[in-house]
Amino acid sequence: MTTRRKLLTIVCESDLEKKLGDEVMAFGAHGYTVTEARGRGAGGERDAAWGPSGNIRMEVICEAAVADSIAAHLRKTYFEHYALVLYMSDVDVLRGEKF
Amino acid sequence: MTTRRKLLTIVCESDLEKKLGDEVMAFGAHGYTVTEARGRGAGGERDAAWGPSGNIRMEVICEAAVADSIAAHLRKTYFEHYALVLYMSDVDVLRGEKF
Amino acid sequence: MTTRRKLLTIVCESDLEKKLGDEVMAFGAHGYTVTEARGRGAGGERDAAWGPSGNIRMEVICEAAVADSIAAHLRKTYFEHYALVLYMSDVDVLRGEKF
């Protein structure tokens, strides 16, 4: 009933949401889910809830190869200048053909 | 110290929160956590934050058999007419007797 | 490219955010992400969005030994009097040296 996929989670500045969303779709993801977030990290407090300085948490369910492509792209594009966090794990999804 | 359980994550329209919450409890879950969400999927933008058209992300920690029952029910009840996303993974919980 | 780490998720009353954040950092975590949440559990409805009675969902990515220390501390400190939920799983992170 379920299909094994990668769950890719990205935590970053809210400003990046639109660009990042377009990029994960361009790399082959079929959708993503975003929640507002805040936090603390190497770069200090990561504030949210007040405009452009906030954080988001984006989740993408996709095939392993797509997850790897997205990860490689984000690493190359954002890691030098952004406090972007990226991690992945396996999940079992229903309607796997949609992801 | 920890007990292996299933973490079931459901992303759906906010309108379904009350009904879905009642259903997961009826199928044997002992609780759930909801966060506001938005996103993009096969059905286009999934907007949030503004009333009934928003999305939620619901997490349920439960025994594997309960997760399977919930998944089967949701598939039968919602998949034809709703852009509901459902995936599961293993987690190790403290106080496993509560889940 | 990725490093295996523990993803520790804590769901608790919003009031605990500051104290819990300080504690996870003191036990060796290098950051955490917080989202607003609400839910239902053994203790009844866990409401959010309205001030101190709300819930939060805190995620910490850290080494397994740090996750165990945090879990042991939270169990000892909060489990008797708080409806705190704690679970963990494995994730593969980029820039593992930061976690």
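**A chat about a predicted three-chain model**

Tutor: To begin with chain A, its secondary structure consists of 2 helices and 5 strands, where helices (H or I, at least four residues) and strands (E, at least two) are DSSP runs numbered from the N terminus. This is a predicted model, in which local features need pLDDT of at least 70, side-chain atom pairs count only at pLDDT 80 or more, and totals for chains, interfaces and linings use all residues. Residues are numbered from 1 along each chain as its sequence is written, chains are lettered from A and ligands numbered from 1 in the order in which they are written, and side-chain values use heavy atoms, with hydrogens and water left out.

Student: OK, switching to helix 2 of chain B: which of its residues are buried?

Tutor: The buried ones in helix 2 of chain B are B:V66, B:A67, B:I70, B:A71, B:H73, B:L74 and B:Y78. They cover an arc of only 165° around the axis, so they are on the same side of helix 2 of chain B; the arc is that of the directions from the helix axis to the C-beta atoms.

Student: Why would residues three or four places apart point the same way?

Tutor: An α-helix has 3.6 residues a turn, so residues three or four places apart point the same way.

Student: Which residues are exposed on the other side of helix 2 of chain B?

Tutor: There, B:A65 and B:K76 are exposed.

Student: What do the buried residues of that helix pack against?

Tutor: Within chain B, the buried residues of helix 2 pack against strand 1 (2–13), helix 1 (17–26), strand 4 (55–62) and strand 5 (85–94), and they also pack against strand 5 (85–94) of chain A. Contact means heavy atoms within 4.5 Å.

Student: Now B:R38, where does it lie?

Tutor: B:R38 lies in strand 2 (residues 32–41) of chain B, and it counts as buried because its relative accessibility is 18%.

Student: Which side chains of chain A does B:R38 make polar contacts with?

Tutor: The side chain of B:R38 makes a polar contact of 2.6 Å with that of A:E17, and a polar contact of 2.8 Å joins it to the side chain of A:E36. A polar contact is a pair of N or O atoms within 3.5 Å; within protein, one must be able to donate a hydrogen and the other to accept it, and residues adjacent in sequence count only if both atoms are side-chain atoms.

Student: How is chain C superposed on chain A?

Tutor: A rotation of 120° with 0.0 Å of shift along its axis superposes chain C on chain A, with an RMSD of 0.0 Å. That is the relation of a three-fold axis, and copies are superposed by least squares on the C-alpha atoms of residues with pLDDT of at least 70 in both.

Student: Which residue of chain C comes closest to the rotation axis?

Tutor: That is C:T35, whose C-alpha is at 4.2 Å from the axis.

Student: Last one: what is the phi of A:R95?

Tutor: A:R95 has a positive phi of about 55° although it is not a glycine, and A:R95 is buried, with a relative accessible area of 16%.

Key. Buried < 20%, exposed > 50% of the residue type's maximum accessible area, 1.4 Å probe, protein only.
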